[in-house]
Amino acid sequence: MNRPKTLLVFCLLALIEENYGASNACTDRKAKSCAECMEVAGCGWCEDPTYDDNPNIIVSRCELAENLAEGDGKCKSIINPPSKIDPVVDEDHSSVGESDVGKATQLRPQVVSAQLRPGAPSMIEVSYKQAEDYPVDLYYLLDLSSSMQDDLKSLRKLGKKLGDTMGNITKNFRLGFGSFVDKTVMPFISTVPAKLLNPCLPTSSCVPAYSFHNDLPLSLEINDFVDKVNKVNHSSNLDSPEGGFDAMMQAIVCTNEIKWRNESTHLLVYVTDAVFHYAGDGKLGGIVAPNDGKCYLDSTGNYYKANEMDYPSIGHLVEKISANRIQPIFAVTKEVYNTYEKLQDLIPKSTVGELSSDSDNIIDLIEKAYNDLLGQVVLEVDVPEGVEVVSQTSHCTSGDQDGLSCDGLKIGDVVNFTLSIKANKCFDEPKKMKITVYGYNDVTEINLSTLCDCQCDDNATAPASNCSGNGHFDCGACVCDPGYLGFDCSCDKKDISSAEAYLKNCTNPNTDFGQDDVVCSGRGQCLCGQCLCWQYPGRKIDGTYCECDDTSCDRINTKMCNGHGECDCGKCKCDEGWSGDGCECTADKSTCLDPDSDSKLHCNGAGLCACGECQCNVTKTGFKYRGQYCQISPQQLCDLHKTCVQCIAYGNRDLYNKNPTMCDAECSQYAVRMLDGKASVLRDSCRAVDNVTDCQYTFWYETKGDVIRIDTDPDTKVCRGYIDTKYIIIGIIAAIVGIGLAILLIWKLLTSIKDAREYKQWEKEVQTAKWETGENPIYKRATSKFTNPTYRSGKPSSEL
């Protein structure tokens, strides 16, 4: 025996039961029992003992409930329990009574039982009503650095009024007082001995610096508050930020020392004119240990680990504020208002008020802040592992909104909240989920369990084989023991020799998919040497090797075999008069005649009629006829699109009497894109002439549904030029004058050249001329000379 092949065959058989065809989440689950099926939302389990017992097909018992209830082999007994949400304790809203302080019911219902189908969202509704006279604990935390002297004086004057004002808001009010400065190490304070005793030297006297002191735990006695405020004195430190976060942390977590009540509203009024130190600043003073968020107040109310632990981080502080239901009111001066306003965004149910320079508006500020907080309701959800909150909706007095918070509530207003939750898996044991109101002790407790156990019909009997002794009968099906397969668990995975025979019998010898044969054509499960074909709603798979699928035929217009044939093992058997792989071709050519044309030719003679539709011709230049009957020539299409292209792309509004509205209305189906030198991806092109500007341009077009896509490029636009006649006349005149002047210039030039040559010739002749020195024969002198003929030699003649 070939061992590698044997191992491969064994592995295939061991995994074959997992190889169901996937059609939805239910069949993907490959559930072998009802309990496994229940883990998927919307899935039902068929417990009919003989559900679709065709020997050649296999139908998943775990299916969408609607699929099990439909079709020829519909299931008669479907297990599909819905999620159940039932209020267990649902007392009506109530206000605080004088004798039962803190027993008000603001949130309902109080206890809910939720049985969830895993994966299926379920809705939970709660409602909230603000109770009147709900108890209030107000702890006044004051910055007592030197810059707050005026504020301390104002508080001494207004202490009694503060108590009276809050007493008018609620009948049960407690007031406490604490103060802070900063850590007592350099560089936060001066460690000069004299400065340690009196940090205000030399200008005045004050008490030594300290981090935080719980001066007065929460008390019903307003006079105690007044006395404590009158006894405290201010101090001083070096840097501008203060150690307020240290003080806030201790005031929040020291519940016993501060005497916070569980059944009251917790207000923490934080009064300062400076910003705060936070985590990391302590390293400046050599303090590196992080703040652990625990209480460290001694018997006198002093924070004794201030110099051992760093300041708390903002995140750590917000965590403790939320856990202890604290609602901070930041009363700060104008200079630092923006800083605390940003801090407010990080803290739920907190508010910021602007404090006057001497704090004389503190009572009005607290009263307004309390009313603002009273009008807010914020729900918090504690979700256990394995449960997910899908959606949260608040039905506020102003309308619905996402999340679990509402603003602007008044006493007596009722608001509702809706949560959609789902379990992501089955629980081994019940779990608890809580919905609380931030700042109050009201809670809705939800007891969660999952519906994963099937309550099957006791009348469902096991098959005669009793699952071959290799499994047990559960909800209409045999659940096989490990190592066994089959409807009756008769196949043993350990039988390797028979496994090879099983797979061979399940493999179509006429199918060639390469080196590896496909068991049951990939559409079924090989059990005991026989292919059991998977089935799906509206789909039938059959055949010895599951080779036939009645949904594998071609679909035309979403119809199998175009609605004109039957699917027979993957091939369409077409009705008479129809042909093609999907019966898409009809022999009737009457559908190719244009009813609006006088032409008796199919497709107007511009195309061929094939399968009842016109296949339009293409011109030699590459343009195609268009239309159902090829009735639109390429030039007609170009002319049809040309006007809108000119109007939209080139802004030629003259086509619509310069009315842009008409242009947009007539061309609304056009989507025009300017290419700017890029190549168009559209197939058909046109060369058009603008009748107004006489410019030629190119555009490309494509029609998709109701949208006509157009590409055009301004670079392809070529415009003819025309010359004005007046310029022609002027040009002719200018040409005549210019030619005349040119002739005169040429004549003058030639004449000048000739004269120059003659002059040079004359100069040359003058230079070479030889003149005789005789007298002019016609010249007569003024005197006459005569010779005496009688004169003889040696004697002179006489002259007259």
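Ile-252 is in contact (heavy atoms within 4.5 Å) with Trp-260, Leu-268, Leu-317, Lys-320, Ile-321, Asn-324 and Ile-326, when its neighbours within four places in sequence are left aside. The model is a predicted one, in which local features need pLDDT of at least 70 and side-chain atom pairs count only at pLDDT 80 or more, whereas totals for chains, interfaces and linings use all residues. Residues are numbered from 1 along each chain as its sequence is written, and side-chain values use heavy atoms, with hydrogens and water left out. Ile-252 belongs to helix 8; helices (H or I, at least four residues) and strands (E, at least two) are DSSP runs, numbered from the N terminus. With a relative accessibility of 0%, Ile-252 counts as buried, a class defined by a relative accessible area under 20%, with exposed meaning over 50% and partly exposed in between (1.4 Å probe, protein chains only). The C-alpha atom of Ile-252 is separated by 9.3 Å from that of Gly-293, which is 41 residues apart along the chain.

Helix 8 (residues 244-253) and helix 10 have axes that come within 10 Å and cross at roughly 25°. This makes helix 8 roughly parallel to helix 10. Axes here are lines fitted to C-alpha atoms, for helices over the stretch in contact, and angles run from 0 to 180 degrees between N-to-C directions. Angles under 35 degrees count as roughly parallel, over 145 as roughly antiparallel, 65 to 115 as roughly perpendicular and the rest as oblique. The contact is made by Phe-245, Met-248, Met-249, Ile-252 and Val-253 of helix 8 with Ile-314, His-316, Leu-317, Lys-320 and Ile-321 of helix 10. The residues of this contact comprise 8 nonpolar, 1 polar and 1 charged, where Ala, Val, Leu, Ile, Met, Phe, Trp, Tyr, Cys and Pro count as nonpolar, Asp, Glu, Lys and Arg as charged, and the others, Gly among them, as polar. The crossing of helix 8 and helix 10 is left-handed, a term applied if the near helix is turned anticlockwise from the far one by less than a right angle, with right-handed used if clockwise.

Apart from its neighbours within four places in sequence, His-316 is in contact with Met-249, Asn-291, Asp-292 and Gly-293.

From helix 5, Leu-152, Leu-155, Arg-156, Gly-159, Lys-160, Leu-162 and Gly-163 meet Ile-222, Asn-223, Phe-225, Val-226, Val-229 and Asn-230 of helix 7. The contact of helix 5 with helix 7 contains 7 nonpolar, 4 polar and 2 charged residues.

Among the strands, an open sheet of 3 strands has the order 3-1-4 and antiparallel pairing; two strands pair if DSSP finds at least two bridges between them. Strand 3 (62-64) and strand 4 (78-79) are the edge strands, each pairing on one side only. Strand 1 (residues 43-46) runs antiparallel to strand 3 and is joined to it by 3 bridges, and Cys-43 stands opposite Leu-64 in strand 3. Elsewhere, 4 bridges join the antiparallel strand 32 (residues 565-568) and strand 33 (residues 571-574). Cys-567 stands opposite Cys-572 in strand 33. The hairpin of strand 32 and strand 33 has 2 residues between the strands, and in this hairpin Cys-569 takes a positive phi near 55°.

Backbone geometry was also examined in the loops. The peptide bond from Met-186 to Pro-187 is cis, with omega near 5°, and Pro-187 is placed in the loop between strand 10 (173-180) and helix 6 (193-197). The peptide bond from Leu-201 to Pro-202 is likewise cis, with omega near 0°; Pro-202 is placed in the loop between helix 6 and strand 11 (212-219). Lys-259, although not a glycine, has a positive phi of about 70°. Lys-259 occupies the loop between helix 9 (255-258) and strand 12 (265-272) and, at 47% relative accessibility, counts as partly exposed. Cys-520 is not a glycine either, yet has a positive phi of about 55°. Cys-520 lies in the loop between helix 13 (496-505) and strand 26 (524-527) and is buried, with a relative accessible area of 0%.
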